[in-house]
Each structure stands twice: as C-alpha cells, then as structure tokens.
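Here is a short briefing on one protein chain. Start with the sequence and the structure, then read the notes by topic.

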Amino acid sequence: QVQLVESGGGLVQVGGSLRLSCAASGRTFSWDFMMGWFRQAPGKEREIVAAISGSGSSTYYTDSVKGRFTISRDNAKRTVSLQMNSLKPEDTAVYYCAADTKFYSNTDYYHTDSGLYNNWGQGTQVTVSS
C-alpha cells in the first residue's frame, strides 16, 4: 500500500505559477511506478493532466496544458511534481496525484486512464482568479 500526499495548491492570479508536489510513502517492491496528475473541476469529470513513466523517460500532457505544465519525478526522494505556468481560470480544479503500483516489466510506459491507477492522494485545490 502506497500513500500519496499532495501539496502546493492555492490561489493564484491569471498568468501566475504554482508547483504541486506529491510525496509517496509506504510498502512497495519498487518506487519506479508510473504516476499521474488528474484534476476535477466542479460539475465536471475527472481528467488527466499529465503522466510520467516509472523511469521518467516518457511523459504525457493533455492538450490544454501542453507548453505550460511540466511533470517530473525524483525516485530517490519518492516525489513527483507538476510545475504549472501561465495559469488560466479554466485550470481551476482539485488536483490529484495518482500512482499505479502494479508490476510492469516496461517502466517506460504510462496510463492515461484514471481507472488503471490504484493509489490516489486526497487532492489539493488550485484556484486561478481573473
């Protein structure tokens, strides 16, 4: 069982930046599992924002954040981060960190389907004011 704790959310003005962090802890055979950031705005479904493979060599971004957000990881520190720049009001949402700790022989792979992640953080609110 892996516990995920997000931090770094808050209130920011349009065009501003925030850096979200997700710290992982618990018992697992390895820390090089794929991870993702998802978000859910009021009245909307949860959507993927970014994902990163266990090795860190492969990343995914949803179209709306490409060029503005950057996902990164530090397996030694057991953390994954999401640097968010040029924030827009439509980025307002609760952001969730997720991990798929199931074993995969290929660590250069990631999911974009939230249903395939088996560990979730509690979420952190990001509010972008105009």
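A residue counts as buried under 20% relative accessible area, as exposed over 50%, and as partly exposed in between. S7 has a relative accessible area of 39%, so it is partly exposed. The model is a predicted one. The protein chain has 0 helices and 11 strands.

**Overall build**

- From the N terminus on, the elements run β-β-β-β-β-β-β-β-β-β-β.
- The radius of gyration is 14 Å, close to the 14 Å that the globule rule gives for 130 residues, so the protein chain is as compact as a globular protein of that length.
- The C-alpha trace spans about 45 × 30 × 25 Å along its principal axes.
- Of the 130 residues, 43% are buried.
- Take the contacts between residues at least 6 apart in sequence: 61% of them join residues at least 24 apart.

**Surface and charge**

- The accessible surface comes to about 6500 Å². Carbon and sulfur atoms account for 47% of that surface.
- There are 12 positive and 11 negative side chains. The centres of the two sets lie 5 Å apart.

**Nonpolar cores**

- In soluble globular proteins, nonpolar side chains tend to be buried together.
- The largest nonpolar core here has 29 residues. M35, W37, L82, M84 and Y95 touch the most other members.
- Eight strands are listed as each supplying at least two residues of this core: β1 (2–7), β3 (18–26), β4 (34–40), β5 (47–52), β7 (69–74), β8 (79–84), β9 (93–100) and β11 (124–129).
- A second, separate core holds 6 residues, including M34, I48, A98 and Y117.
- What does M35 touch, beyond residues up to four places away in sequence? Its partners are L4, C22, A51, I52, I71, R73, V80, C97, A98, A99 and Y117.

**L18, in strand β3**

- L18 lies in strand β3. Its relative accessible area is 14%, so L18 is buried.
- L18 and L82 are 64 residues apart along the chain, yet their C-alpha atoms are separated by 8.3 Å.
- Not counting residues up to four places away in sequence, L18 touches G8, G9, G10, V12, L82, Q83, M84, L87 and V126.

**S7, in strand β1**

- S7 is found in strand β1. Leaving aside neighbours within four places in sequence, S7 is in contact with R19, L20 and S21.
- The C-alpha atoms of S7 and Q125 are separated by 9.2 Å. Along the chain, these two residues are 118 apart.

**S53, in a loop**

- S53 sits in the loop between β5 and β6 (59–61).
- Is S53 buried or exposed? Its relative accessible area is 0%, so S53 is buried.

- R78 is a residue other than glycine with a positive phi, near 60°. R78 lies in the loop between β7 and β8. Its relative accessible area is 37%, so R78 is partly exposed.
- S86 has a positive phi of about 50°, although it is not a glycine. S86 is found in the loop between β8 and β9. With a relative accessible area of 39%, S86 is partly exposed.

Methods
Residues numbered from 1 in each chain as written. Predicted model: local features only at pLDDT ≥ 70, side-chain atom pairs only at ≥ 80, totals over all residues. Heavy atoms only, no water. Core = buried A, V, L, I, M, F, W, Y, C linked by side-chain atoms within 4.5 Å. Buried < 20%, exposed > 50% of the residue type's maximum accessible area, 1.4 Å probe, protein only. Helix = DSSP H or I, 4+ residues; strand = E, 2+ residues; numbered from the N terminus. Contact = heavy atoms within 4.5 Å. Rg over C-alpha atoms; globule rule 2.2 N^0.38 Å. Areas by Shrake-Rupley, 256 points an atom, 1.4 Å probe, with all protein chains shown as cover. Lys, Arg positive; Asp, Glu negative; His and termini not counted. Charge placed at Lys NZ, Arg CZ, Asp CG, Glu CD.
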